[in-house]
Amino acid sequence: MKKIWIITGCLAMIAVLVGCDKTRRDAGSVYMPDMTYSRAYETYSSTEDLSKNGINYTARPVEGTIARGDEFAYTLKNDATGYVQSASVKSPLDAAKVDMTEAERLYLVNCAICHGAKLDGNGPLWKGGDGPYPAAPKNLVSDELKNMTEGTMFHSLTYGKNLMGSYASQLSTVQRWEVIAYIKMKQGGAKAATTTAAADSTATTMTN
Amino acid sequence: MRLINGFIHIFSESIVSMIPSKAFGKRLVVFIFSFFLFSVFNNIKAADIPAGKALFMSKCASCHQVLKKATGPALAGLEDRHTWADHKELLAWINNPAAYMAKDPYTQGLLAEYGSMMTGFADITLVDVDNIVAYINDAATAKSPVVGVVDDGAPKTNNNAIIFGVISLILAIIALIMMQVNSNLKKMSDDAEGISRPDPVPAYKNKVYITMVSLLFFAIAGYSFSKAAIGLGRQKDYEPEQPIYYSHKVHAGINQISCLYCHGNAWESKHAAIPSVNVCMNCHKAVQEYAKGPKLYNKDGDEINGTAEIAKLYKYAGFDPNKPNEWDPSKAKPIEWIKIHNLPDHVYFNHSQHIRAGKVQCQSCHGEITAMDEVKQVSELSMGWCINCHRETKIDFNYSDSTGNKFYSIYERFHNDIKNNKMDSVTVKDIGGLECQKCHY
């Protein structure tokens, strides 16, 4: 009789141990809430109650605001005319003074995932058609992109082009120009070629 | 080709009927011949598709997909539309879209629908068009891509603790039984030798037992109480259910997206920002289904439909996959992800300070994110945990070398000490990593 109790006890303990769901879905409690939760509005805290209290708040900076250390805002519009006009826009940065280590980092983080670390349009998301991305990214060292002016590249980076989205939220104006300087450097820095090709590149880009 | 095969078949039949004695040999020869012909013809036709695929991938795939609308229309069944069954028409359009469109209302309608004109490819020839169309027809009729090696990814539980518990329980039971047997034997031998002893005290009255049990009780209760008290306010293993089943394993692991692609602010600010919906849509405007990755499971072991999870994102983004060009990012609603790694307000932590100046890898604190489907807090994020790392982590002090961090050049004394072999390395502790005010102010 005693043994039966012991055995049932053991089985019950095992069942309790096995049955426990190990996933912790609950954040738990804290000692002193007023020292744990910020009274000031932290990043990502909800600002809904502000408007309920009649406080007018928007997280968006006023249009045309320029961050400290950044370049002037880009003014061309996101339309066909803007795209054509962008061909004549020049980079405000001196290509020789751009920190290429930083530019390379920005390229590898933001662009290489599709356009490839070698700029050949074969990043891990495409993998020659085996990756999850269904459209082939542009080969950045192809003649078409070599002939594209830095201004047009900047326009496409800012507003997005075809399936590529806008990178204005991830890269500041200066960072976008840095990435373009890096791409142009990798394309062979053929300054002469790009300027002579500028005229017919505007013709071809119109058809895009 | 069918004709030729048929002819060869009839030919062989007639030979067989004419010369019955040598039928087998002849038949064999003719069949081999016919198979040879068949395979040659088949190869010529099959060669079209790989060439077409190569052309499609290099010229068309930036804007067109076979089955889905992208920047341009889906190309499956294009021969049924307009006059494209005539490949010369198609060639004229591909070679010079602007000129073709000038006199053709159908393609003008396409421009109105998709908003951007097709790029011309003057170097494409009629043979190329045949090959590309052959590839498109082949890809349109082919079954959906077979998912490759699938690891089942089902959650596995670590049973070590349970096994040890069971073993110690069994041992305890055996020990009890042995004690019982021992006392019984002793009693029997005593009876046999005629020694009379007082009846043994029952276990619940035995003071030794009671002391042992109460000591054990206090030890266990004290341990679990202090453990719970220490754990109060700490969230190790916290793994909340997120509004969308977003797998870091698929994104950062399999597809090798850099952590900073989405959490770029970690490089520049205190916070490793949560990406806004437009960052998700950079890729998911095109990646509309989850087809090529391993199967996903939730914690109950139920399979997750990745495509349905992407559809949830579209709901937040206000994106209609059938009209990709009409999407307006400014109408997107934020996804309210649940923050996992929480620090109390009385401690300051800065991401950029650690990953940019300190060159700490994300995984050092967040664990192996690239292997996690659902993210959980791996580190304790307790003060002892912080301090321990500050004591042990050697900082990259070699600033004179170009790989070193120039930030540390101000610590002149340490540099001199290293030079004079007074110390071999500098830890975070040495540059004030244990000072209260560095994190609490």
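Start with a term: a nonpolar core is a set of buried Ala, Val, Leu, Ile, Met, Phe, Trp, Tyr and Cys residues joined through C-beta atoms within 7 Å. Buried means 20 or more other C-beta atoms within 10 Å of the residue's own, exposed means 12 or fewer, and partly exposed lies in between, with C-beta atoms placed from the backbone.

This is a predicted model: local features need pLDDT of at least 70, side-chain atom pairs count only at pLDDT 80 or more, and totals for chains, interfaces and linings use all residues. Residues are numbered from 1 along each chain as its sequence is written, with chains lettered from A and ligands numbered from 1 in the order written.

So, the core. The largest one has 60 residues, and Tyr133(A) and Val179(A) have the most contacts inside it. Helix H9 of chain A, residues 173-186, gives the most, 6 residues. Helices are DSSP runs of H or I, at least four residues; strands are E, at least two; both are numbered from the N terminus.

What does Tyr133(A) touch, leaving out residues up to four places away in sequence? Cys114(A), Leu125(A), Trp126(A), Cys283(B), Ala286(B) and Val287(B). Contact means C-beta atoms, placed from the backbone, within 7 Å.

Now the two chains. 40 residues of chain A contact 51 of chain B. H1(A) supplies the largest share of chain A's side, 5 residues.

Last, chain B itself. It has 18 helices and 2 strands. Of its 441 residues, 13% count as buried.

Methods: Contact = placed C-beta atoms within 7 Å.
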